[in-house]
Amino acid sequence: MRCTGIAGRARTLAEAARAGRIFPALLEGATLTVTSLGGYGVDFFTPVINPGNVAILGVGRLRDGVEWADDRPLRTRVLTLSLTFDHRAVDGAPAAEFLRTLGELLSKPLRLLV
């Protein structure tokens with residue numbers, strides 16, 4: 001099966017990883033890597049940038065949280081994201097904007113369908 005575009009490439013790589021057929025040559029040429037330790041119960045970690053990449057996004061586990069509305073506690077879901085990036089290639093402000101935008105999109109995923 002041949003997929004084109006970012007979504008197709010991501011799907012192909014995810015399928016290879018799940019099947020245990022992922023190897024370094026498949027991951028070459030990336031600019032950004034996404035890694036997750038959430039499946040291991042890790043809330044937060046600091047990933048290390050892979051050689052040749054500009055950044056790596058670390059995704060922790062999805063967990064319960066509490067937010068206050070007036071004087072009432074509301075149950076929320078919390079996902080910690082951590083972005084490690086190469087300051088030689090990306091300034092801190094655009095990297096922070098990327099992470100903020102990603103957080104906003106993930107907090108209301110139905111907006112991605114519009």
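Predicted model: local features only at pLDDT ≥ 70, side-chain atom pairs only at ≥ 80, totals over all residues.
Figure 1. From the N terminus on, the elements run α-α-β-β-β-α. Residues are numbered from 1 along each chain as its sequence is written, and side-chain values use heavy atoms, with hydrogens and water left out.

**Figure 2. The largest nonpolar core.** Six residues make up this core: Ala55, Leu57, Val59, Leu81, Leu83 and Ala95. A nonpolar core is a set of buried Ala, Val, Leu, Ile, Met, Phe, Trp, Tyr and Cys residues joined through side-chain atoms within 4.5 Å. Strand S2 (55–69) and strand S3 (72–85) each supply at least two of the core residues, and S2 gives the most, with three. Buried means under 20% relative accessible area (exposed is over 50%, partly exposed in between; 1.4 Å probe, protein chains only). Of the 114 residues of the protein chain, 20% count as buried.

**Figure 3. Surroundings of leucine 83.** Neighbours within four places in sequence are left aside here. Leucine 83 is in contact (heavy atoms within 4.5 Å) with Leu32, Ala55, Ile56, Leu57, Ala95, Phe98 and Leu99. Across the protein chain, 28% of the contacts between residues at least 6 apart in sequence join residues at least 24 apart.

Note on methods. Helix = DSSP H or I, 4+ residues; strand = E, 2+ residues; numbered from the N terminus.
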